[in-house]
There are 4 protein chains.
Amino acid sequence: MSYARQMLAAYRHAFRADDEVLAAAIDALTDCAQACIADIDADLGEHAVTEMVRCIRLCLDCADVCIAAAGVASRQTAYDADVTKPLLRACLAICTSCGDECEQHAQMHEHCRVCGEACRRCEQACRDLLETLK
Amino acid sequence: MSYARQMLAAYRHAFRADDEVLAAAIDALTDCAQACIADIDADLGEHAVTEMVRCIRLCLDCADVCIAAAGVASRQTAYDADVTKPLLRACLAICTSCGDECEQHAQMHEHCRVCGEACRRCEQACRDLLETLK
Amino acid sequence: MSYARQMLAAYRHAFRADDEVLAAAIDALTDCAQACIADIDADLGEHAVTEMVRCIRLCLDCADVCIAAAGVASRQTAYDADVTKPLLRACLAICTSCGDECEQHAQMHEHCRVCGEACRRCEQACRDLLETLK
Amino acid sequence: MSYARQMLAAYRHAFRADDEVLAAAIDALTDCAQACIADIDADLGEHAVTEMVRCIRLCLDCADVCIAAAGVASRQTAYDADVTKPLLRACLAICTSCGDECEQHAQMHEHCRVCGEACRRCEQACRDLLETLK
């Protein structure tokens, strides 16, 4: 059981979102940020780094937005739809673009395949959380 | 001249946004994040910390979203409207709520007055940047 | 298998640190940051928030340092002992203090017990990584 | 007057560090993180990106460590020498390396010259703060 799940189980409050969906989203956001940070470094280590520039840029944006979304999603007791929803929409958009780009390098670079997978899982987790939120 | 402004002046590219508006937004986002981080600590030092809980929570969200928005806004060469616009809208919303809350404590706590001012400037800077972006 | 582990396995380079120790550290740092961020919010939701002030402050520092250490540890290809070692020492120190504080609230608050556990694991992971690094 | 300075002036507490030195350090850390984030993007936009790889990596580490140090330095009321001092030492080391690298590109790339200047100022600010701290 992930720490996000244990922490949510330890709260006394009722959440706006389904507990399982919320914990899965926080885990996916944290994993995706971490995968993007590692992929940027791996991209920078490739000989043909010029071809990886777009991937690096998208990973930079993706990591920043995922970290912010993980923080805001972890603070459900101060939930505000006007903040959380557009933030998750921004996150969904960057995970989609970043996942698309990573998949184009997946056959050449295993690190991009792994990162693309983390982006896809996060994209879906953002979508699921958005549907659950009121 | 701020570093954000000097860095933008050093680029060879044309930006989607007006240079002045963009540099002002990056500065306002960075300042607001910093003010929120400091205000959280000052709030925690107040005797009546129970009354500051909402302020602390909003400042936590505000700092996270401002840091992400400053990062994404600084990477204009990979500009994507589907990411930047909802992110700035989330930022505008949290700066408004956080500014409202800080202003309610402004007379009692000078640190909240200063933080509220940083939130208002950032709220306006996000609005200005959103209007400029295509 | 965590994403950190998959990403390290995908690199072509040799690392300064043992792969297993490094992946375990990156996972522990990311988990600890996430647990601290969630614990801060849960602390703020307690009636006796005044008693949680020290816990909140330590969790804030702990999250910041763990996020930075996770980033730097993920970029092993640009490894610099003069940066990584003091950073891990700072991380070890804050994880120890934060873990001590969380454990004092562990019987009252399950969320502090969980966060304390994440801090202890991270403290050990920093120690293990420091021993491995040349 | 920067927000960091205004926020410190609004505190009721006495600090471990001289107010002026502390405010200057927080400003320098925030500026340096922002300059590094912008320099990474500008480096990625250069034709000879292969030559900028080391600069990008150092800027990534530098931004991460500066953000953490700015957060911890802003929370002086929970000051702990065992955390703050090694963190500032790590920051000083990465600002020195990153400043050295940026200066090597300063004649070719104005953005590296500006970033190098921000690193040098931050290096000095970390040194000054370390000397002041007990």
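Tutor: Two sentences on conventions. Residues are numbered from 1 along each chain as its sequence is written, while chains are lettered from A and ligands numbered from 1 in the order in which they are written. This is a predicted model in which local features need pLDDT of at least 70, side-chain atom pairs count only at pLDDT 80 or more, and totals for chains, interfaces and linings use all residues; side-chain values use heavy atoms, with hydrogens and water left out.

Student: What makes the pattern of chain A α-α-α-α-α?

Tutor: Helices (H or I, at least four residues) and strands (E, at least two) are DSSP runs, numbered from the N terminus. Chain A has 5 helices and 0 strands, and its pattern read along the sequence is α-α-α-α-α.

Student: How do you know whether the radius of gyration of chain A agrees with that of a compact globule?

Tutor: The radius is taken over C-alpha atoms, and the globule rule is 2.2 Å times the number of residues to the power 0.38. For 134 residues a compact globule would have a radius near 14 Å; chain A has 15 Å, so the value agrees. The C-alpha trace of chain A spans about 50 × 30 × 20 Å along its principal axes.

Student: Why is Cys36(A) called buried?

Tutor: Buried means under 20% relative accessible area, exposed over 50%, and partly exposed in between (1.4 Å probe, protein chains only). Cys36(A) has a relative accessible area of 0%, so Cys36(A) is buried. Of the 134 residues in chain A, 67% are buried.

Student: What does Cys36(A) touch?

Tutor: Contact means heavy atoms within 4.5 Å. Not counting residues up to four places away in sequence, Cys36(A) touches Cys59(A), Cys62(A), Ala63(A), Cys98(A), Cys115(A) and Cys119(A). Cys36(A) itself lies in helix 2 (residues 19-44) of chain A.

Student: What makes helix 1 of chain B mostly covered?

Tutor: Helix 1 (residues 3-10) of chain B has 6 of its 8 residues buried. The buried residues are Tyr3(B), Ala4(B), Gln6(B), Met7(B), Leu8(B) and Ala10(B). They pack against helix 2 (19-44) of chain B, and also against helix 2 (19-44) and helix 5 (110-132) of chain D.

Student: How do you know that chains B and D meet through the same surface?

Tutor: 100% of the interface residues of chain B are also interface residues in chain D, so the copies meet through the same surface.

Student: What rotation superposes chain C on chain A?

Tutor: A rotation of 180° with 0.0 Å of shift along its axis does so, with RMSD 0.0 Å. Thr30(C) comes closest to that axis among the residues of chain C, at 3.7 Å (C-alpha). The same surface serves both copies, since 100% of the contact residues of chain C recur in chain A.

Conventions. Copies are superposed by least squares on the C-alpha atoms of residues with pLDDT of at least 70 in both.
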